[in-house]
2 protein chains.
Amino acid sequence: MLYPNNIKKTKKQVVNYANRGMNLESDLNISNKYYLENDIAVIYKKPTPIKIVKVSFDKQKNATIKEAFFQTPSTTDYNGIYEGQYIDFEAKEVNKDSFPLNNINSHQIKHIKSIIKHGGIAFLIVRFNKQNKTFVLKGETLIKFIDSNTRKSIPMTLFVEEGFLVKTSFIPRLDYLKIINEIYMRRL
Amino acid sequence: MLYPNNIKKTKKQVVNYANRGMNLESDLNISNKYYLENDIAVIYKKPTPIKIVKVSFDKQKNATIKEAFFQTPSTTDYNGIYEGQYIDFEAKEVNKDSFPLNNINSHQIKHIKSIIKHGGIAFLIVRFNKQNKTFVLKGETLIKFIDSNTRKSIPMTLFVEEGFLVKTSFIPRLDYLKIINEIYMRRL
């Protein structure tokens, strides 16, 4: 199966696929809700793109989708506005010591490049599950790595050296905008 | 049926619902594609939010969604970046001489207010089908109308007087960013 970012899954993984990225995703959702409710930023996860094939209606005319397929996303999962700036990012969890580049499809790379070109802030949030560490990696650093390497994955050391560790706390769960503020907005 | 913005549909309309807003939506998609390919802006329509209940897998492990429901959107349909600015809008077609406010749900109104507060550009694009006229209405004008009126719809005259007519042409089909540039970026 190819879903949704060309990551092949074994049968066992398929069973659990609904929870893939659940922890990071749920941390981000809780943090974004906190940012929204406290008027810090307006950032949402985009819905999963789905191609609807068949819809049925009951007697009360409620629609139920009876057949649909997952589509490959052409943009990143999250975007919004923070301090008047356009923010755009993709979030991924990995279970290895490196970040496999097939986690990000070519449309998403192109999208990140476009956002940077148009003056937006684009980055990755990657959680290394084994180490329980979450990093922000600037889109610029990602592009530079891809353009200067033939490697199929980014070693965690690059995240340690050129990325920015995001601390988890109680409120907000994952204060990634603190990092974004520091690395993009307080330039000296 | 209530879908997706609490607009009641008759049986006949339900049959055609897949084409609802098709013309404006397709004009916007073509225009956004043009903006993207010509490096003018990066603006996408968000996927329709769907709650997935049941997924099945075939022998090749391809996923098919077997049961899912439409969810009410809490944000607007379109967002992106233009000239370094965060852009956010909702697009609607109407068949009357006025724009019924139940086309926009309360979460979307709140969202528009938040975007403006955070320094983004938020607006509506409304096409009056009978008159074949498409207008940009600033989010600020929409909020002002809602806050100072008990009316359940905005008359087209408000769009004529306080909105901005978007001309349709060959390329791009609907050059709404020209209007956005004029009303938000060339302030004297």
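A salt bridge here is a side-chain nitrogen of Lys or Arg within 4 Å of a carboxyl oxygen of Asp or Glu. With that rule I went looking across the interface of chain B and chain A, and 2 salt bridges came up.

**Ground rules**

I am working on a predicted model, where local features need pLDDT of at least 70 and side-chain atom pairs count only at pLDDT 80 or more, while totals for chains, interfaces and linings use all residues. Residues are numbered from 1 along each chain as its sequence is written, chains are lettered from A and ligands numbered from 1 in the order in which they are written, and side-chain values use heavy atoms, with hydrogens and water left out.

**Entry 1: the interface**

I took contact as heavy atoms within 4.5 Å. On that basis 44 residues of chain B meet 45 residues of chain A. For buried area I used the accessible area (1.4 Å probe) that two parts lose on being put together, summed over both. Chain B and chain A bury about 3,800 Å² between them, with 66% of it on carbon and sulfur atoms. In chain B, K61(B), I65(B) and H118(B) lose the most area to chain A, together 18% of what that side buries.

Next I counted polar contacts (a pair of N or O atoms within 3.5 Å; within protein, one must be able to donate a hydrogen and the other to accept it, and residues adjacent in sequence count only if both atoms are side-chain atoms). There are 9 residue pairs in polar contact between chain B and chain A, both residues at pLDDT 80 or more. β3(B) gives the most, with 8 residues. By type, the chain B side divides into 21 nonpolar (Ala, Val, Leu, Ile, Met, Phe, Trp, Tyr, Cys and Pro), 9 charged (Asp, Glu, Lys and Arg) and 14 polar residues (the others, Gly among them).

I also checked strand pairing, which needs at least two DSSP bridges between two strands. β3 (residues 63–70) of chain A is joined to β3(B) by 2 bridges, and the two run antiparallel. A68(A) has I65(B) as its bridge partner there.

**Entry 2: a salt bridge between the chains**

D39(B) forms a salt bridge with K117(A), the closest N and O atoms being 2.5 Å apart. I looked up accessibility next: buried means under 20% relative accessible area, exposed over 50%, partly exposed in between (1.4 Å probe, protein chains only). D39(B) is partly exposed at 36%, and K117(A) counts as exposed at 60%.

**Entry 3: N79(A)**

Buried or exposed: which is N79(A)? N79(A) is buried, with a relative accessible area of 2%. N79(A) lies in strand β4 (residues 78–82) of chain A. Its side chain makes a polar contact of 3.0 Å with the side chain of Y86(A), and another of 2.9 Å joins the side chains of N79(A) and N79(B). Leaving aside neighbours within four places in sequence, N79(A) is in contact with residues including V42(A), Y44(A) and D88(A).

**Entry 4: strand β7 of chain B**

I found 8 of the 8 residues of β7 (residues 121–128) of chain B buried, so this strand is largely enclosed by the rest of the structure. Both faces are covered, with I121(B), F123(B), I125(B) and R127(B) on one side and A122(B), L124(B), V126(B) and F128(B) on the other.

β5 (residues 85–94) of chain B runs parallel to β7(B), joined by 8 bridges. A91(B) stands opposite I125(B). β8 (residues 133–138) of chain B pairs with β7(B) in the antiparallel sense over 6 bridges, and K138(B) is the bridge partner of F123(B). β7(B) and β8(B) form a hairpin with 4 residues between them, and N132(B) in the turn has a positive phi of about 50 degrees.

R127(B) also forms a salt bridge with D27(B), closest N and O atoms 2.8 Å apart. R127(B) lies in β7 and D27(B) in helix α2 of chain B, so the pair ties together parts that are 100 residues apart in sequence. R127(B) is buried at 5%, and D27(B) is buried at 9%.
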